[in-house]
Amino acid sequence: AGLDEPDAGTISIAGHDGYITVGLFEDGTPGEIFVVMAKEGSTISGLMDSFATAISLDPEAPEPYNGRGISYLATNLTDNAFADFNQAIKLNPREPLAYFNRGTAFVKTEDWKKAKKDFDVAISGRPDYVDAYLNRGIALIYMKELDAAIADFDRGIQLNPRVPNLY
């Protein structure tokens, strides 16, 4: 199955304009993805080019989706971040990092219940995940589950007492 004519659009990341071109397979699924930032040479341009290249080379690998999702989240493009984290989870539902990242996006959007649920999955997959205990504890505070939040912070301290945000 070959690629159909690419679909192009404009994007803006942290105030920098760019263009995204997606080549579509005959069934409508994305194939090659290219991102060109107007400010060539910028860190954002380099990051997006790298993620687009990685995804084009292996669209079944979850890692580039996680990385690009983190970049989107850092530039307040939460919808794009959610899309990438969801794709990473779809590709590898056993990877705690994707749930942690999506949980962090839910924290950023103040959806505490969904954040807690994703941190639960991250911790079940990696019981020593200190940052997941920290972020789940934060979500639990906002959910008014203070005893559970304290238990998460205490567990995080047991795992790594050098993380100041746990205190």
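Select Asn76 to begin: at 55% relative accessibility, this residue counts as exposed (over 50% relative accessible area; buried means under 20%, and partly exposed lies in between, with a 1.4 Å probe and protein chains only). Asn76 has a positive phi of about 65 degrees although it is not a glycine. Its place is the loop between helix H2 (62–74) and H3; helices (H or I, at least four residues) are DSSP runs, numbered from the N terminus.

The model is predicted: local features need pLDDT of at least 70, side-chain atom pairs count only at pLDDT 80 or more, and totals for chains, interfaces and linings use all residues. Residues are numbered from 1 along each chain as its sequence is written, and side-chain values use heavy atoms, with hydrogens and water left out.

Next, select Asp84 in helix H3 (residues 78–91). Asp84 is buried, with a relative accessible area of 5%. Leaving aside neighbours within four places in sequence, display Tyr65, Arg68, Gly69 and Tyr72, with which Asp84 is in contact (heavy atoms within 4.5 Å).

Move on to Glu110, in the loop between H4 and H5. Glu110 also has a positive phi, of about 60 degrees, although it is not a glycine. With a relative accessible area of 56%, Glu110 is exposed.

Now select helix H5 (residues 112–125), whose 14 residues reach 20 Å from first C-alpha to last, close to the 20 Å expected at 1.5 Å a residue (the expected span is 1.5 Å times one less than the number of residues). Colour the buried residues of H5: Trp112, Ala115, Asp118, Phe119, Ala122 and Ile123. They cover an arc of only 140 degrees around the axis, and therefore lie on the same side of H5; the arc is that of the directions from the helix axis to the C-beta atoms. An α-helix has 3.6 residues a turn, so residues three or four places apart point the same way. The buried residues of H5 pack against helix H4 (96–108) and H6. Turn to the other side of H5 to find Lys113, Lys117 and Ser124 exposed.

Finish at Ile138, Ile141, Tyr142 and Leu146, which form a nonpolar patch on the surface with about 360 Å² of accessible area together (Shrake-Rupley method, 1.4 Å probe, only the protein chains shown counting as cover). Such a patch joins nonpolar side chains (Val, Leu, Ile, Met, Phe, Trp, Tyr) within 5 Å, from residues with over 30% relative accessible area and no salt bridge, while like charges are joined within 9 Å. A salt bridge is a side-chain nitrogen of Lys or Arg within 4 Å of a carboxyl oxygen of Asp or Glu. Helix H6 (residues 130–142) supplies the largest share of the patch, 3 residues; Tyr142 is found in this helix.

Notes
Helix = DSSP H or I, 4+ residues; strand = E, 2+ residues; numbered from the N terminus.
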